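Please take a moment with the sequence and the structure shown below before reading on.

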Amino acid sequence: MKNQVLLLLFCLLTVPTWAQVKMMLLRDTAQYNLSLADLEKQYPPAFARVAGQKGVFMQHGRRFLDTTNARTLRFFTFIENNKKRMPVAGVFLQTKEFVRPNGSYERVFCQFEGRDLTAEQESQLLELLGDWYDQHPFPIKTQTGFRWDGMTQIGHIPQKRTARRGAGIISTIEAAEKTTRPDTVRMLAFNQLELNNIPEIVYRFPKLEELDLSKNHLHELPARLTADIPTLKRLSLLYNAIPNDSVFFSRNKHLVALNLQGNKLTQVPLSIRQNRRLESLWIGNNKLQDVNVKGLRRLNDLNLYNADLARFPASVCKLKRLQVLDLYYNKFTEIPTQIRRLKRLEQLAIAYNKLNALPPSLSKLMRLQMLYAHHNRISQLPSQLQKLHYLRILDLSHNWFSVVPAVVADFPYLEELDFSNNNLQEMPASLGKSKSLKKLYLRSNPLTHDNVKAGPYAPVIEQLEANQTEVFY
C-alpha cells in the first residue's frame, strides 16, 4: 500500500511537466478522452498534399529533409548528454508528433517497446522526452502544421548473453578450466562475462584460432595475447574501454581479423600495424581524430562506422586490396578523387554524412557492386557512373533528388534501387526498360503522393511490373 501511495504521488508531481508539452503514452488516449482520428484530420501528414496545395515536405523539399536529419542527430546528442536520467539502459521508442504551424507541439504520443517497464520508469522517460520537445520546437514554420510518426532506439538495450556452441567452441571460463582436451579447442567465446582483465586461461589452448572478448570491461590489450598464442587469427574486443596507449601487439604474421569497435580510441594505435597480415579491421564507434593505416597492405575490410570523422581519411585510398569500406555516420562533406585507387572495392557505405555530390572518380571502381549513400544531400549523379557495370544495389534514399538520374538505367546488373524520401518529380522513361531490376523504392516523394498509376509515369511503372520488378510507392 505504501508503495502504491508513493507511486501515485510521483505521478501527480510529474504531470505538470508533461502537460507543458502535452505528452502521454499512446495507450492512454482513451483514458483522457482524446481522439487520434480528430487530430489526424487537423494535422495532415508531412508528405501529403493539403486541399490541393503542396504539403509541408513538398513546400520545403531539401530544407525539410536536411532539417529532419539534423534534428535526429541533435536528439541523439540530447539523449547521450542526459543518459544519467535514463531509468533503463535503452528502449525502443515510437512517437506520433502533432506539430503546430509555429513549430510547437500540440501533442506527442509515445510507446515504449523492447523491454518491460514499470509505471515509474515510463514516467521518468516521459519527463526526459518532455524536456527535449519543450526545448526543441520543430525548426521550420508551416502554414498548416503537420503530423510526423517516428521510431528509434534511445540508449543501449542490453542483450541477453548468447553462448556460442559447437565443435571446438568453449563459452565459459569454468568449461575452459575443466576441459581435458585443450588441443581440440579452436574458439573461446568469452563475450559478456563482466571481465576486467583477460583471463590467464586463454593461454592454455595450443590451437586457438578465435578469441571473442567483446562487451566486457577490459582496459588493456597486452602484447602477450599475440606473442603467446601464435595460432590466433581472429580477435574481437568490441565494446570494452581500451584507450590508445593500452593497445599492444607483438609483431606477428598470424592475426587476420581485429575488432576494436566501441572503445576509447582517438586514433589507430601504432602497434596495430605490427599485424602485417591483417585483412579485416573494425575500429568504428570510436571518436577518431586521425586514421593512419599505413603498412596494412593486406586489408580488404575496413569499418570506420560512426568514427566522428570530419574528413574522408586519405590514407584509406592507399589500401589497394580493399573490398569493403564502411563509413556510415561520419561528418565529411566530400570524397577525394583518390578513391579511384581502390580498384578492388566491391562495397562502399557512405550513408549518414554531409555529402553534396559523388565524384566522377567513383566510375573507376569497376568492381563496385553495392553503394549505400542514403541520408546525405546529393541531388545529381555524374554521367561517368554508367561505367559501374557490376553495380547491383544502389541506395540513394533520404537525399535531395528531384529527378531520377538517367544514368541509373545504364547499370546492366542493377537489382535494387532506392530513391525513397527524396523530392522526386520526374523519372526517365528508359528506367522502364530495365531487365535486371527486382526492387524499386519510390516511397515518400511528390511523384508518388497522388495516384501514381494514373499519373504521367504510370507507363514506366507498368512496364517495370511487367518485367517482374516490385515497385514500392
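The model shown here is a predicted one, and its secondary structure comprises 8 helices and 18 strands. Taken along the principal axes, the box filled by the C-alpha atoms is roughly 75 × 70 × 40 Å. Of the 473 residues in the protein, 48% are buried. When contacts between residues at least 6 apart in sequence are considered, 44% of them join residues at least 24 apart.

Two packed helices are described by the angle between their axes and the distance between the axes. For helix α4, which spans residues 62–81, and helix α5, which spans residues 119–135, the axes come within 11 Å and cross at roughly 135 degrees. Because of that angle, α4 counts as oblique to α5, and the crossing of the two helices is right-handed. On the α4 side, the residues that take part in the contact are Arg-71, Arg-74, Phe-75, Phe-78 and Ile-79, and in α5 they meet Leu-128, Leu-129, Asp-131, Trp-132, Tyr-133 and Gln-135. Sorted by class, this contact of α4 with α5 is made of 7 nonpolar, 1 polar and 3 charged residues.

The aromatic rings give another way into the structure, which holds 16 aromatic pairs. One of them is formed by Phe-75 and Trp-132, whose arrangement is edge-to-face, with 5.2 Å from centre to centre and 75 degrees between the planes. This pair links distant parts of the chain, since Phe-75 belongs to helix α4 and Trp-132 to helix α5, and the two are 57 residues apart. Phe-75 and Trp-132 are both buried. A second pair, Tyr-390 with Tyr-413, has ring centres 5.9 Å apart and planes at 5 degrees, and is therefore stacked. Because Tyr-390 lies in the loop between β14 (370–372) and β15 (393–395), while Tyr-413 lies in the loop between β15 and β16 (416–418), the pair ties together parts that are 23 residues apart in sequence. With a relative accessibility of 47%, Tyr-413 counts as partly exposed.

Which residues does Thr-95 contact, once its neighbours within four places in sequence are left aside? They are Phe-109, Cys-110, Tyr-133, Trp-148, Asp-149 and Gly-150. Thr-95 itself sits in strand β2, which covers residues 90–99, and its relative accessible area of 9% is under the 20% cut-off, so Thr-95 is buried. Although Thr-95 and Met-151 are 56 residues apart in sequence, their C-alpha atoms are 6.3 Å apart in space.

Gln-192 has a positive phi of about 55 degrees although it is not a glycine, and Gln-192 is found in the loop between β6 (187–189) and β7 (210–212). Asn-421, likewise not a glycine, has a positive phi of about 55 degrees, and its place is the loop between β16 and β17 (439–441). With a relative accessible area of 14%, Asn-421 is buried.

Conventions. Residues are numbered from 1 along each chain as its sequence is written. This is a predicted model: local features need pLDDT of at least 70, side-chain atom pairs count only at pLDDT 80 or more; totals for chains, interfaces and linings use all residues. Side-chain values use heavy atoms; hydrogens and water are left out. Axes are lines fitted to C-alpha atoms, for helices over the stretch in contact, and angles run from 0 to 180 degrees between N-to-C directions. Helices (H or I, at least four residues) and strands (E, at least two) are DSSP runs, numbered from the N terminus. Angles under 35 degrees count as roughly parallel, over 145 as roughly antiparallel, 65 to 115 as roughly perpendicular and the rest as oblique. A crossing is left-handed if the near helix is turned anticlockwise from the far one by less than a right angle, and right-handed if clockwise. Contact means heavy atoms within 4.5 Å. Ala, Val, Leu, Ile, Met, Phe, Trp, Tyr, Cys and Pro count as nonpolar, Asp, Glu, Lys and Arg as charged, and the others, Gly among them, as polar. Rings of Phe, Tyr and Trp (its six-membered ring) pair if their centres lie within 6.5 Å; planes under 30 degrees apart count as stacked, over 60 as edge-to-face and the rest as tilted. Buried means under 20% relative accessible area, exposed over 50%, partly exposed in between (1.4 Å probe, protein chains only).
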